[in-house]
Amino acid sequence: MATLNILIAVSLSYVALLFLVAFIAERLAVRGQARWLRSPLVYTLSLSIYCTAWTFYGAVGYAARSGLEYLTIYIGPTLVMVGWWWALRKMVRVGRAQRVTSIADLISSRYGKSTILAVLVTLMAVVGTTPYIALQLQSVTLSFAAFAGSTEGTPLSDSRSTALWVAVGLALFTVLFGTRNLDANERHHGVVMAIALEAVVKLFALLAVGVFVVWGLSGGIGPMLEQIDASEIGTWQIEGGRWAGLIFLSAAAFLSLPRMFQVLVVENDNEDHLKLASWAFPTYLMLMSLFVVPIAVVGLNRLPPEANPDLFVLTVPLSEGQTGLAMLSFLGGFSSATSMVIVAAIALSTMVSNHIVMPIWLRVAHGGAMVSGDVRNLVLLSRRLSIAAVLLLGYLYYRFSGGGAALAAIGLVSFAGVAQFLPAMLGGLFWRGATRLGALAGLMVGFAVWTWSMLLPSFGPGAILSEAVLAQGPAGIAWLRPQALFGIAGLDPLVHAILWSISLNTLAFVILSLLSFPSPLERLQGAQFVNVFQHSASPQSWAGGGAQSEDLLIMAQRILGPREAQALFQAEARRQGLAGYLPEPSPDFLNALERELSGSVGAATAHAMVGQIVGGASVSVEDLMAVADETAQMMEYSSQLEAKSAELTRTARQLREANEKLTALSVQKDAFLSQISHELRTPMTSIRSFSEILRDTEGLSQQDKGKYSSIIHDEAVRLTRLLDDLLDLSVLENGQVSMNIERGMLLGVLDHAVAATSGTERLTITRETEGERIALRTDLDRLAQVFINLIANAQKYCDAEAPELRIAVRDGAREIAVDFIDNGSGIPRDKQDVVFEKFARVSDQKAGGAGLGLAICREIMLRLGGNVAYLPGQGGAAFRVTLPKSAGSVM
Amino acid sequence: MGKSVLLIEDEPNIIEAVSFILSRDGWKVDTHSNGQTALAAIAEKSPDVVILDVMLPGISGYDILRALREAPETRNLPVLMLTARGQTKDREMAEKAGANRFMTKPFSNAEVLEAVRSLVNA
């Protein structure tokens with residue numbers, strides 16, 4: 001019991017020392033005297049929170065159970081650190097340029113400051129980290145119990161209360177040093193310093209135990225190696241698949257564990273620190289792993305078989321009576337556990353507060369950032385409550401999980417959970433095409449698969465998933481068996497879960513990213529992240545102008561505190577050369593302000609708050625340049641498409657017009673053929689009918705015979721004329737006819753035409769022959785044909801009692817006009833347009849013509865360079881033939 | 001026989017030829033050459049058969065036929081259609097309009113006689 005009391009006393013003193021160190025570091029940082037606090041060495045030591053109690057105690061247990069496999073947990077981070085130039089440097093640069101406060105902030109910021117993503121990542125981080133916190137509580141409790149057990153038996157209720165007290169103490173420490181200020185950079189000098197100290201303590205403790213085991217118990221390096229050779233550990237085989245899976249898993253977890261992100265990126269003061277850390281941290285890991293095997297071997301050899309290998313670091317010195325060494329070892333384990341819990345609690349509380357509590361509060365409180373009241377206190381309060389809640393969750397998990405499972409197993413489950421962030425995070429850093437939808441889908445799919453195939457089975461068969469579900473799948477669906485998804489059984493459960501969760505996660509992420517289109521803000525942020533080394537300027541600039549400096553000050557006071565806010569504003573006013581407290585809301589200043597605020601409330605919220613007051617986001621020139629290329633390409637493509645579309649529309653219109661023309665032509669052709677058919681068949685009907693009558697009828701009178709024969713004859717003549725006209729018209733229309741140009745007198749042409757039509761005496765023709773002495777140079781026969789046609793028409797259609805045709809000639813300046821005017825009733829106005837069409841019928845009366853005459857006249861006159869047109873308003877039917885003067889001027 | 005035929009046709013020579021053929025076969029032949037008043041002529045003469053030309057001045061033979069088929073008293077009047085347009089669609093139009101027979105010009109006299117006789121006997 002005495003040792004136990006001493007242990008408690010030592011522990012309390014140690015805790016007091018930590019408080020003191022943290023307190024001094026905070027004070028020095030506030031006074032600005034803390035340059036040494038920001039040394040690369042401290043940064044490197046702070047990374048050692050990767051080595052939790054799991055590493056301190058668990059690695060030995062792991063080695064005792066699975067041989068050298070524990071090394072994979074160190075190899076992963078070592079690879080990441082050695083390859084820092086590739087991924088880590090970019091992550092840190094982006095984190096600093098964007099002032100991210102957590103991994104949730106990083107992912108949300110990359111995908112257009114998405115709130116949903118931030119909430120999702122936060123919730124996943126809480127689920128993934130809680131078992132790990134429980135694990136730390138368990139390790140402290142177990143180690144405490146081991147001490148107590150060496151003196152007397154400890155009831156279970158005691159161990160529970162130990163865990164509770166540890167949790168309360170850690171919550172207190174974290175609240176005190178984790179939420180002292182709302183520094184824009186979200187750095188916690190006190191906490192980092194305390195962690196660095198703890199890093200030294202745990203390394204020292206483990207090395208001390210190791211040295212004791214090798215030289216104190218085994219008699220030096222040589223005999224130790226012999227013992228290792230003799231033990232089972234030395235003969236363990238390396239399983240390639242499991243090793244690769246574990247190395248990948250630990251590397252992924254190193255990058256995406258919230259607490260690692262906190263120390264790697266958020267607490268990073270200077271990118272150059274990575275250079276030292278890139279070799280110093282792997283060295284630290286190597287030292288931590290140096291004595292793991294010897295301790296395990298000695299523990300297995302010396303302690304009874306039922307002893308828990310997870311506690312060999314503690315129980316080996318205890319069993320040898322080395323209480324002091326054991327106490328140091330206890331402090332080492334205690335340090336490992338507490339530093340992890342503190343940083344994890346800070347990281348988680350920042351996320352919970354910034355991404356869940358603050359957005360809800362801003363939404364619920366009307367008027368957003370402009371309501372009265374001190375937001376600063378609210379932020380602090382929400383963070384403190386979040387810390388308490390996180391630790392409470394860890395404690396409850398510890399209470400209800402029973403704390404039976406091996407430490408390393410819980411650790412790996414937790415690792416695999418947070419490793420689901422990796423595709424969205426790395427994708428966001430290196431791939432412009434990654435989109436919010438892709439990230440959401442990847443995270444959800446990965447997390448679901450992880451929960452199903454790893455988290456739920458980890459509670460053991462019958463706890464949450466029944467044995468039947470494990471063996472046969474839910475409702476007997478075999479391909480959904482948690483540890484043999486899609487029917488692939490026989491894999492190691494761990495490798496199986498990692499393989500499916502990460503590959504399905506990545507697949508969903510890539511496919512949905514390719515399918516979806518990013519919003520403008522996402523595209524900007526994508527450019528900022530992926531090309532962070534090209535332009536590390538401000539991530540998102542504000543256009544000045546409408547912003548009200550006073551409103552901004554009021555808001556900033558509430559978040560940063562009145563003194564800090566006023567100092568910030570006054571400094572800016574001075575820099576701008578203004579008297580008084582209020583600076584101009586220049587874009588630079590607004591960016592700086594947003595940066596300050598984002599440390600307190602997260603990037604998305606800060607952006608929204610400034611945006612509420614300034615009104616509207618705008619972008620900096622660099623940002624615009626970054627997306628301008630793409631936009632230009634898209635515009636060019638789009639204008640090409642437009643041009644093509646216009647061209648197609650034009651072509652379509654032309655085609656439509658051509659089609660309409662063709663359709664019209666086709667209709668015309670049909671009508672023409674139909675007409676021809678009719679005009680040919682009608683005379684042939686008479687001919688056939690009467691020739692049959694003549695042939696078949698006996699006893700016809702001579703008179704009838706003569707009558708019928710002359711009908712046949714007339715119809716045959718009619719047919720011949722029709723065919724002649726058709727051929728004539730066809731030749732004229734096709735332009736195949738050659739005009740026979742001669743010299744002559746108009747008088748002579750008219751004389752010829754009148755003579756040719758003088759068969760009937762019914763029509764009286766009046767002429768003024770004097771005026772007809774005009775010299776012509778044209779096709780005289782064709783012109784005569786036109787005149788004959790016009791005179792014949794008058795003979796046929798003039799309906800006057802005493803038909804008369806007057807032929808009037810006018811010798812104009814440019815053309816010669818010959819008018820044919822009769823004294824009939826003329827052509828009705830509505831028919832005047834169609835008389836020149838083929839087969840046009842003006843009247844119902846039969847006149848023997850096929851309706852082609854005027855069409856032929858018009859064709860001829862067009863060939864001769866003149867025209868023939870109907871002349872309205874002349875009393876009777878009147879046609880004017882015009883001839884070009886040039887054709888007739890030569891004499 | 002004493003049956004009567006009304007020929008509605010505008011070509012004088014065809015009117016003469018058809019009248020001659022049918023008269024010699026013992027038919028009472030009336031002719032009408034104005035399409036506009038054809039319906040009135042049919043109502044007045046109430047013939048046993050109508051021979052109807054398609055292309056009449058001012059009106060189509062199809063229109064006359066449709067009007068005949070709409071009126072109850074002439075719905076079943078036998079009609080022989082004549083056309084000088086020999087295309088398939090003309091035949092289709094004639095059938096659609098309700099012609100009992102359809103004949104393309106030029107026709108043989110025997111054909112016309114046979115057609116008119118069969119229309120009356122049917």
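**Figure 1. A salt bridge between A:Arg767 and A:Glu772 in the predicted model.** The two side chains meet with N and O 2.7 Å apart. A:Arg767 is partly exposed, its relative accessible area being 24%. A:Glu772, at 0% relative accessibility, counts as buried. Over all chains, the count of salt bridges comes to 17.

**Figure 2. A salt bridge between B:Glu9 and B:Lys105.** Here the N to O distance is 3.1 Å. B:Glu9 lies in the loop between strand E1 (4-8) and H1 of chain B, and B:Lys105 lies in the loop between E7 and H5 of chain B, so the pair ties together parts that are 96 residues apart in sequence. Both B:Glu9 and B:Lys105 are buried. B:Lys105 is also joined to B:Pro106 by a cis peptide bond, with omega at about -5 degrees. B:Pro106 is placed in the loop between strand E7 (101-104) and H5 of chain B.

**Figure 3. A salt bridge between B:Arg101 and B:Glu114.** The closest N and O atoms of this pair are 3.3 Å apart. B:Arg101 belongs to strand E7 of chain B and B:Glu114 to helix H5 of chain B; the pair links distant parts of the chain, 13 residues apart. B:Arg101 counts as partly exposed at 29% relative accessibility. B:Glu114 is partly exposed too, with a relative accessible area of 40%.

**Figure 4. The interface of chain B and chain A.** In this view, 22 residues of chain B are in contact with 24 residues of chain A. Between them the two chains bury about 2,200 Å², and 54% of this area is on carbon and sulfur atoms. Two salt bridges are found across the interface. B:Glu16 and A:Lys707 meet through their side chains in a salt bridge, with an N to O distance of 2.2 Å. On the side of chain B that touches chain A, the elements that give two or more residues are helix H1 (12-24) and helix H5 (109-121) of chain B. H1(B) gives the most to this side, with seven residues. By class, the side of chain B that touches chain A has 10 nonpolar, six polar and six charged residues.

**Figure 5. Helix H22 of chain A.** This helix covers residues 493-515, which is 23 residues. From its first C-alpha to its last it reaches 32 Å, close to the 33 Å expected at 1.5 Å a residue. Several residues of H22(A) are buried, among them A:Leu494, A:Trp500, A:Asn505 and A:Phe509.

**Figure 6. A:Asn789 in helix H31 of chain A.** Helix H31 takes in residues 780-797. Is A:Asn789 buried or exposed? At 18% relative accessibility it counts as buried, because the cut-off for buried is under 20%. Leaving aside residues up to four places away in sequence, A:Asn789 touches A:Gly853, A:Leu854 and A:Cys857.

**Figure 7. A:Asp751 in helix H30 of chain A.** Helix H30 is made up of residues 746-756. A:Asp751 is partly exposed, with a relative accessible area of 36%.

**Figure 8. B:Ser46, a residue with a positive phi.** The phi of B:Ser46 is about 35 degrees, although this residue is not a glycine. B:Ser46 sits in the loop between helix H2 (38-45) and strand E3 (49-53) of chain B. At 52% relative accessibility, B:Ser46 counts as exposed.

Terms used. Residues are numbered from 1 along each chain as its sequence is written. Chains are lettered from A and ligands numbered from 1 in the order in which they are written. This is a predicted model: local features need pLDDT of at least 70, side-chain atom pairs count only at pLDDT 80 or more; totals for chains, interfaces and linings use all residues. Side-chain values use heavy atoms; hydrogens and water are left out. Helices (H or I, at least four residues) and strands (E, at least two) are DSSP runs, numbered from the N terminus. Buried means under 20% relative accessible area, exposed over 50%, partly exposed in between (1.4 Å probe, protein chains only). Contact means heavy atoms within 4.5 Å. Buried area is the accessible area (1.4 Å probe) that two parts lose on being put together, summed over both. A salt bridge is a side-chain nitrogen of Lys or Arg within 4 Å of a carboxyl oxygen of Asp or Glu. Ala, Val, Leu, Ile, Met, Phe, Trp, Tyr, Cys and Pro count as nonpolar, Asp, Glu, Lys and Arg as charged, and the others, Gly among them, as polar. The expected span of a helix is 1.5 Å times one less than its number of residues.
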